[in-house]
Amino acid sequence: MMKQNQNNLSVLLVVLMVLVIYVVYVIVQDDQPGELLVQSLQKELRTINEPILKSDPSVFTDKDIYHLIDIQSNEELLKQGRNIFFILTTLTNNGTIQLTPRQACAIESAARANPDWKVFPLFVFAKWFNVSSDPFIPSLLRFCNIRLRHVNLETFAVGSPVEKLFTEGALSKSSFIVEHTADVLRLLTLYKYGGTYLDTDVVVRRTLNILQPNYLGSEGSGYVANGVINLETTGYGHEFAEACLKDLALNFDGTRWAANGPFMVTRNLQKFCNTTEVVNMNRQQCGNQLTVYPPDVFYRIRYPHHDWFFYPERSVEVMKAIENDVLVHMWNKATSGIQLLVTSSAAYIQLANKFCPNVLLNTKENF
């Protein structure tokens, strides 16, 4: 009898623990129904694991490990065009996902601001994650519109204008393999599926629906940046993506950091818009089909003030300047070394509090 009571008590304690975890979870996710979020997380984890489990059950040695499925395994999901893509090309030692707080913030903010868009973080060199130990993945998967996927470099470019860049090793020999792989993949992804590519050092503040399809943004240095690109999967957008890929196939340069990004994009826009001046690349000049937004749309705070997001004394000025912006860009290449405490009053932390609060909550000390 005593043993039975002990068992009942153990069951009761487990139930109470589950209820406490659930209540905390709902409080954290106060802007979405708790039940829906739980169902979404469970469904996405099943979606990630089931195809691999059927093909090779031996890969699962830990119930908390989830292997990413290939983005090409269900391309019907992408045909509607309302896709937001992030390309994550960080090299890892053992193939596990390693997101920084700032990368995770970009993904969460995009999902929050665009609930009617599917958000695809595409991992190139990472193939799996541990749901119990990763600080950010579980909270990201609570959003119904986030879909973690893997890109197989051996098959993704087959049949495209840049297939030989992959099969003949030009990318693997690049002096900037991470950056150049991302440069090629962002355009190849939009060529195949259409949608919006975003760098992983942005914070999305408003819906992308307010922008006309087919756009990029000038960064203010005489070049068009490739950190924000929207191209439709048909018509003018697809034609521009194809032109860029054909240019890369012919002129890929693995020795210069920006050669396959802003330099190449600007070169092709000069042809499409029939002007050599970036400032003149408005929608009318570009055949009423494509827009190059001026720097203040996506890159308002830029060099030499690119680090103002990180200093509390600049926060009021920065927040006032960007109050109506769709998104902001943090210039990770130049600012990644700046440490930022989660308790700081800097503009970046203020933005994180509002647009990626779950990531900030799961960040221990430095953001």
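User: What are the ground rules here?

Analyst: Local features of this predicted model need pLDDT of at least 70, side-chain atom pairs count only at pLDDT 80 or more, and totals for chains, interfaces and linings use all residues. Residues are numbered from 1 along each chain as its sequence is written, and side-chain values use heavy atoms, with hydrogens and water left out.

User: What describes two packed helices?

Analyst: The angle between their axes and the distance between the axes. Helices are DSSP runs (H or I, at least four residues), numbered from the N terminus; strands are E runs of at least two. Axes are lines fitted to C-alpha atoms, for helices over the stretch in contact, and angles run from 0 to 180 degrees between N-to-C directions. Here, α7 (residues 235-251) and α8 (residues 262-272) have axes that come within 10 Å and cross at roughly 130 degrees.

User: Which residues of α7 and α8 make the contact?

Analyst: Contact means heavy atoms within 4.5 Å. On α7 they include Y236, F240 and L248; on α8, M264, L269 and F272 are among them.

User: At what angle do α6 and α7 cross?

Analyst: Roughly 140 degrees, with the axes of α6 (residues 177-193) and α7 within 9 Å. V184, L187, L188 and Y191 are the α6 residues in this contact.

User: Which residues lie nearest the centre of the largest pocket?

Analyst: A pocket is an open set of points on a 1 Å grid over the protein atoms alone, where a 1.4 Å probe fits, with protein on both sides within 12 Å along at least five of seven lines; lining residues have an atom within 4 Å of a point. D199, D201, W257, N332 and K333 lie nearest the centre, among 45 lining residues. Helix α6 gives the largest share of the lining, five residues.
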